[in-house]
Amino acid sequence: MNELERIKRRIHQKESVPSTTIHDLFFSFVYHSMISFMVIISLILGGLILTKTDLAVVKTQFSNGMIKVGDWIPFENWFIKPEVPVTTLPILNQLEGNYFSNGTNIVSSISNGIVVYINQDASYGYQIIIQNDNGILVTYSNLNQIQVNLEDRVLKNYMLGSYQDKFYMDFLEGETYISYEEAMAKN
C-alpha cells in the first residue's frame with residue numbers, strides 16, 4: 001500500500017505543477033517573435049501602399065449623409081496592369097505586285113480572324129487563307145512554315161508562319177480583289 005500511495009503522490013505532483021522545458025520556452029519565444037515580426041512587416045507594407053497610391057490624403061465626401069468609399073479608395077486602379085509594348089511590330093514593305101517583306105522572316109496576321117484554308121503547294125509553299133472579322137479574306141502564301149491550324153482563331157499581329165525572301169498577300173472582299181491599303185482602311 002505504501003508503494004501505491006507514493007505513485008498517487010507523484011501523479012498528483014505532476015498534475016499540479018506544470019513543467020516547462022527549454023523546448024517549450026524556445027518555441028514560445030520564436031512564436032511571439034514571428035508574430036511581432038509579421039505585424040511590423042504588415043504595418044510597413046501598409047504604409048508603403050498608402051504612399052504609393054496617394055491614399056494618405058483621404059478625402060471624405062458625403063452623399064445623402066453616407067461616405068462614398070469609392071471616392072477616396074481607387075479600387076479600379078488596384079488590379080489594372082498597364083499595357084507596355086514589349087517590341088515594335090515589323091513594318092510591311094510592299095515589293096512588286098502583292099509580294100511583301102517586313103525585315104524579319106515572320107508573317108503576322110494583319111487583323112483578327114479565323115483560319116479557313118491551309119494548303120501546301122510545290123510552287124507557292126504553304127498557303128493560308130484567313131477570314132477577317134470584317135469579312136475580308138486574306139491569303140498568305142509563299143510560306144516555309146506555318147504555326148496555325150485550320151479553324152484557329154488568330155488575333156491581329158499573331159504569328160502565322162515564316163518565309164524566305166518575300167511572301168504573297170491578296171485581299172478578297174466579296175468577289176472583288178482590293179489593295180492592301182483598302183484592306184487596312186477597313187480594319
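The legends below describe close-up views of a predicted model.

In this predicted model, local features need pLDDT of at least 70 and side-chain atom pairs count only at pLDDT 80 or more, whereas totals for chains, interfaces and linings use all residues. Residues are numbered from 1 along each chain as its sequence is written, and side-chain values use heavy atoms, with hydrogens and water left out.

View 1. With a relative accessible area of 8%, asparagine 102 is buried (buried means under 20% relative accessible area, exposed over 50%, and partly exposed in between, with a 1.4 Å probe and protein chains only). The side chain of asparagine 102 makes a polar contact of 2.8 Å with the side chain of tyrosine 163. A polar contact is a pair of N or O atoms within 3.5 Å; within protein, one must be able to donate a hydrogen and the other to accept it, and residues adjacent in sequence count only if both atoms are side-chain atoms. A polar atom of the asparagine 102 side chain also lies 2.7 Å from the backbone oxygen of isoleucine 106.

**View 2. The salt bridge of glutamate 3 and arginine 6.** The structure holds 3 salt bridges, a salt bridge being a side-chain nitrogen of Lys or Arg within 4 Å of a carboxyl oxygen of Asp or Glu. Side chains of opposite charge can pair when their charged atoms come close. Here the side chains of glutamate 3 and arginine 6 meet at 3.2 Å, N to O. Because they are 3 residues apart in helix H1 (residues 2–16), about one helical turn separates them. Arginine 6 is partly exposed, at 46% relative accessibility.

**View 3. The salt bridge of lysine 166 and glutamate 96.** The closest N and O atoms of lysine 166 and glutamate 96 are 2.7 Å apart. This pair links distant parts of the chain, 70 residues apart: lysine 166 lies in the loop between strand S11 (159–162) and strand S12 (167–173), and glutamate 96 in the loop between strand S3 (93–94) and S4. Lysine 166 is partly exposed, with a relative accessible area of 28%, and glutamate 96 is likewise partly exposed, at 44%.

**View 4. The salt bridge of aspartate 133 and arginine 153.** In this salt bridge the closest N and O atoms are 2.8 Å apart. Aspartate 133 lies in the loop between strand S7 (125–132) and strand S8 (137–143), and arginine 153 lies in strand S10 (residues 153–154), so the pair ties together parts that are 20 residues apart in sequence. Arginine 153 is partly exposed, with a relative accessible area of 46%.

**View 5. The open sheet S5-S11-S9.** This sheet has 3 strands with antiparallel pairing; two strands pair if DSSP finds at least two bridges between them. S5 and strand S9 (145–146) are the edge strands, each pairing on one side only. S5 and S11 pair over 3 bridges, and valine 107 has glycine 161 in S11 as its bridge partner. S9 is joined to S11 by 2 bridges: isoleucine 146 stands opposite glycine 161, and glutamine 145 has serine 162 as its partner.

**View 6. Strand S6 and its partners, S7 and S10.** Strand S6 (residues 113–121) runs antiparallel to S7, with 8 bridges joining them, and a hairpin connects S6 to S7 through 3 residues. Isoleucine 114 has glutamine 131 in S7 as its bridge partner. S6 also pairs with S10 in the antiparallel sense over 2 bridges, where glycine 113 is partnered by valine 154.

Terms used
Helix = DSSP H or I, 4+ residues; strand = E, 2+ residues; numbered from the N terminus.
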